[in-house]
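Q: I have a model open and want to learn how to read its features. Where do I begin?

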Amino acid sequence: MPESSPLHAVIDIGSNAVRLRVGALGHGGRLDIIEAIRAPVRLGQDAFGRGRLGEDTIARALETFRDFRHLLERKHVPLTQVRAIATSAMREAENRQALIEQVKAETGIVIEVISGTEEARLISLAVRHALPELEKRNAFHIDIGGGSVEFVVLERGQVTALESLKMGTVRLLSRFGGEDQKRFVRLLDEFFDANAGKIRELVDGTPIDIAVGTGGNIEALGQLGRQLLDTGSPKRLKYGQLKALCKRLDALSYEERLEQLKLRPDRADVIIPASHVLRQVLKLVGKPDLLIPGVGLAEGALLDLLQRRRGNAHQDALAWAASVARKYRVDREHADQVRHLALQLFDQLTPVHGLPARDRLLLELAALLHEIGIFVRPDGHHRHAHYLLSAMPMLGISDAEQRLLALVVRCQRKKLPDGDDPLLAPLDKKARERWLKLVALLRLAIAFDKERCGGVAEIHCHFDGKRIEIRCLGKGDLLLERWAALRQKDIAEKALGHPIDIEL
């Protein structure tokens, strides 16, 4: 594979199957997959039915990982260039750590259990890579897995809303399946109706131009459309065609789906809940045509790995913050000015605060989102912002980073919590130092735009080894900004460990 990056690999540990993808970035930054393997381990059958993985299931998973490790060795892919990610079934299996430890001991592969939000981000990354035309359209993306279904709203290629619901095919089959297929279908539709409000809220009036479907079951439905309805392409389905497919599938028994449709045994049962969830979703968002790009979580995670995932995550996080700010009607001019000032402070005071580069993104997000709580109630808006940022899904940052971000925003004003405050209980000493430094930088940046007129244009910081000098240049007398900044001086000095002189 000339002129391409070194091979990397991703192992996607799903609820219905475990998948391996090996690939590289080829010409034009496109993803080249050179190996794609699927093993029908079906972890979800145990996890969703009993809450834990059985011995036989663990044994099958270990055998799969041993096989994958041998293949990686043959392809000369080092473990440093392998990412193994687990989703819904592993999130819920109470004995998941036993499998994680055995896999590491026998193969050296480290399994990372990711959140539904991170799952949605990675799948969306694959979709945007495969369908660049989405940059000009509003799309509703649905990924149907074995344990969960991820819903993503894309406005002109940017993620503006997402949700992960526990309505995957293996889970629904375990919960409602049985001998009576008519009853099963009825229960599926009733269950979807009970969750439809969450999807409506997600779309929130956004006109959907096109739908995108990912996951093995949706790809199988695309193939069945061409096979049974002569749709012409497995990559596109109209709502009417999907509805006709549902009717054809419902009329067949499990054995008939195996024999007549040539479906695999681990596909012939879950295709029913998948088809009904997909049909109901398309109906709910206006019956758009469905594109089926043939990519999924494994491809998204591989892209993320190849493109240096922190860079991708950074852009996703900022785009997500912008959409949240719009949703909660933030004063964007003020937020952008606070962001501008906060980043100047962070960059120029790096030798003093010593924070990792990653915290620059957290400060940037805090500046953009610090006033979302005003949407709930102006009084005490810092507390409302803390609740919102703690509860909402967020793209591009880890759960621990999200908790830290929420706490920084919570402490943007009023008295700081003391060491015994329950708010600080989850933070160790080092994390508390990070928190206090980020809070100090955010408070100073907010103070330097106290009048909300963008008066401060530039900040110049100087550190002589003993004292910090912060000098602001701009227009107007800046008296209100000086007063506000001096009120934050004690906190900043405590956080940065040096006396501070502020000149405006």
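A: Begin with surface charge. This is a predicted model. On its surface, R377, R383, K414, K450 and R487 gather in a patch of positive charge.

Q: Is R383 buried, partly exposed or exposed?
A: Buried means under 20% relative accessible area, exposed over 50%, and partly exposed lies in between. R383 has a relative accessible area of 43%, so R383 is partly exposed.

Q: Now the cysteines. What is a disulfide?
A: A disulfide is a covalent bond that joins the sulfur atoms of two cysteines.

Q: How many disulfides does a search of the whole structure find?
A: The search finds zero disulfides. Take C472, which is in no disulfide. Its nearest cysteine sulfur belongs to C461 and is 7.7 Å away. A disulfide needs the sulfur atoms within 2.5 Å.

Q: Are C472 and C246 buried or exposed?
A: C472 has a relative accessible area of 5%, so C472 is buried. C246 is also buried, at 3%.

Q: How far is R264 from Q97?
A: Along the chain, R264 and Q97 are 167 residues apart.

Conventions
Residues are numbered from 1 along each chain as its sequence is written. This is a predicted model: local features need pLDDT of at least 70, side-chain atom pairs count only at pLDDT 80 or more; totals for chains, interfaces and linings use all residues. Side-chain values use heavy atoms; hydrogens and water are left out. Patches are made of residues with over 30% relative accessible area and no salt bridge: like charges are joined within 9 Å, nonpolar side chains (Val, Leu, Ile, Met, Phe, Trp, Tyr) within 5 Å. Accessible areas come from the Shrake-Rupley method with a 1.4 Å probe; for residues, only the protein chains shown count as cover. A salt bridge is a side-chain nitrogen of Lys or Arg within 4 Å of a carboxyl oxygen of Asp or Glu. Lys and Arg count as positive and Asp and Glu as negative; His and the chain ends are not counted. The place of a charge is taken as NZ of Lys, CZ of Arg, CG of Asp or CD of Glu. Buried means under 20% relative accessible area, exposed over 50%, partly exposed in between (1.4 Å probe, protein chains only).
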